[in-house]
Amino acid sequence: MMPRRTGSSRRMGPPIEVQFPVTPMLDMAFQLLAFFVLTFQSPTAETRLDLYLPASPAALPGSAEGQATETPTRRADLDLENDLWIRAEADDLGDLKALSLGDQKLNGVGALTDRLKRYQRVLNGRPLRVRVVADDRLRYEEAARIVGACSTAGVDSVRLADPGQARVGRP
Amino acid sequence: MTRRYRERAASDSALSPNLTPLLDVVLQLITFFMMLIHFGSKLEGESKSIRLPVTPAALPGGDLGLDRLVVSVDSSGTLLVEGNTFDEASASAWWAKQAKTRKDGQAALGVDPETELPTLVVVRADKDASYGSVRRLLGTAQDQGFVRFTLVVLRGPG
């Protein structure tokens with residue numbers, strides 16, 4: 001009878017060495033790294049406020065500024081009646097002295113943002129447009145904060161009205 | 001030198017550095033740069049003389065596009081473009097020249113030159129400039145047919 005061969009007695013070959021080619025992958029990774037390093041721009045807090053200012057200004061509303069009505073009779077009426085007026089007055093140093101939305105006096109830019117957001121909800125998807133009327137001596141930073149508040153509240157269109165023109169159009 | 005000794009010496013001289021940790025680090029760096037690639041990039045025309053206002057602002061939605069015109073306004077309300085300064089009178093002529101160049105280009109492409117200019121005017125105005133100077137500048141550009149503007153600001157609590 002032949003002796004039975006056991007597994008332990010089988011001669012084991014040398015262990016198979018799996019070679020993974022890392023070098024081409026490293027080459028590619030370095031190329032990608034070089035691309036990102038060369039195109040890298042340091043993060044910044046800079047952002048932008050977009051304004052669409054068509055050359056032909058719409059007629060100024062004669063009444064009921066700041067009032068959004070539900071049933072406008074014509075498209076033009078819709079455009080005009082949805083325009084909210086923001087009035088900013090400056091003191092002698094150019095700082096913001098008074099701010100109002102329509103006929104409503106506001107405490108500051110934060111209150112303006114909140115109120116614009118409420119208007120946005122009331123309009124229920126219809127475009128919300130505002131016109132900013134500010135004293136020319138107002139510091140640009142204050143004006144930019146007002147435009148920024150409009151941007152934050154999701155206003156669709158911001159127009160900068162001429163204070164003299166606005167006085168003619170307003171009652 | 002025996003043959004066996006020579007074989008052993010040759011196998012000892014073949015260095016095989018472990019590249020895996022290096023690859024790990026490089027891939028992590030790539031991930032880092034990929035994640036930062038769109039985290040707010042500076043617009044052109046940056047100048048230390050212009051201190052941008054800090055405002056609360058939503059992230060801009062639209063793309064800037066390729067046709068851009070970058071102008072700066074210093075604290076005295078003077079228009080600065082590519083190292084040149086323009087007062088209000090000369091600024092009007094400069095805007096007219098820019099608009100004409102673009103309208104000629106549009107006409108050459110067969111686009112009606114009377115339509116609104118697609119150029120985006122990027123305005124970097126100093127925070128201490130007066131609102132009136134910025135508004136008049138925008139108005140002058142408007143009169144020449146520019147309709148798309150963007151005000152560069154620093155995002156902050158306001």
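Visitor: What is the handedness of the crossing of α1(A) and α2(B), left-handed or right-handed?
Guide: This is a predicted model. In it, the crossing of α1(A) and α2(B) is left-handed.

Visitor: At what angle do their axes cross, and within what distance do they come?
Guide: The axes of α1, residues 22–38 of chain A, and α2, residues 20–36 of chain B, cross at roughly 30° and come within 9 Å. Angles under 35 degrees count as roughly parallel, so α1(A) and α2(B) are roughly parallel to each other.

Visitor: Which residues meet there?
Guide: From α1(A), they include M25(A), L26(A), A29(A), F30(A) and L33(A). Among those in α2(B) are L23(B), V26(B), L27(B), I30(B) and F33(B). By class, this helix contact has 17 nonpolar residues, 1 polar and no charged ones.

Visitor: Now the whole contact. How many residues does each chain give?
Guide: Chain B gives 51 residues and chain A gives 43.

Visitor: Which elements of chain B give two or more residues to that side?
Guide: They are α2, α4 (131–143) and β6 (146–155) of chain B. The largest share, 10 residues, comes from α2(B).

Visitor: Switching to strands. What does β6(B) pair with in chain A?
Guide: With strand β1, residues 46–52 of chain A, in the antiparallel sense over 7 bridges.

Visitor: Which residue in β6(B) is the bridge partner of T47(A)?
Guide: V153(B) is the bridge partner of T47(A).

Technical notes:
Residues numbered from 1 in each chain as written. Chains lettered and ligands numbered in written order. Predicted model: local features only at pLDDT ≥ 70, side-chain atom pairs only at ≥ 80, totals over all residues. Axes fitted to C-alpha atoms, helices over the stretch in contact; angles between N-to-C directions. Helix = DSSP H or I, 4+ residues; strand = E, 2+ residues; numbered from the N terminus. Parallel < 35°, antiparallel > 145°, perpendicular 65-115°, else oblique. Left-handed = near helix turned anticlockwise from the far one by under 90°. Contact = placed C-beta atoms within 7 Å. Nonpolar A, V, L, I, M, F, W, Y, C, P; charged D, E, K, R; others polar. Pairing = 2+ DSSP bridges.
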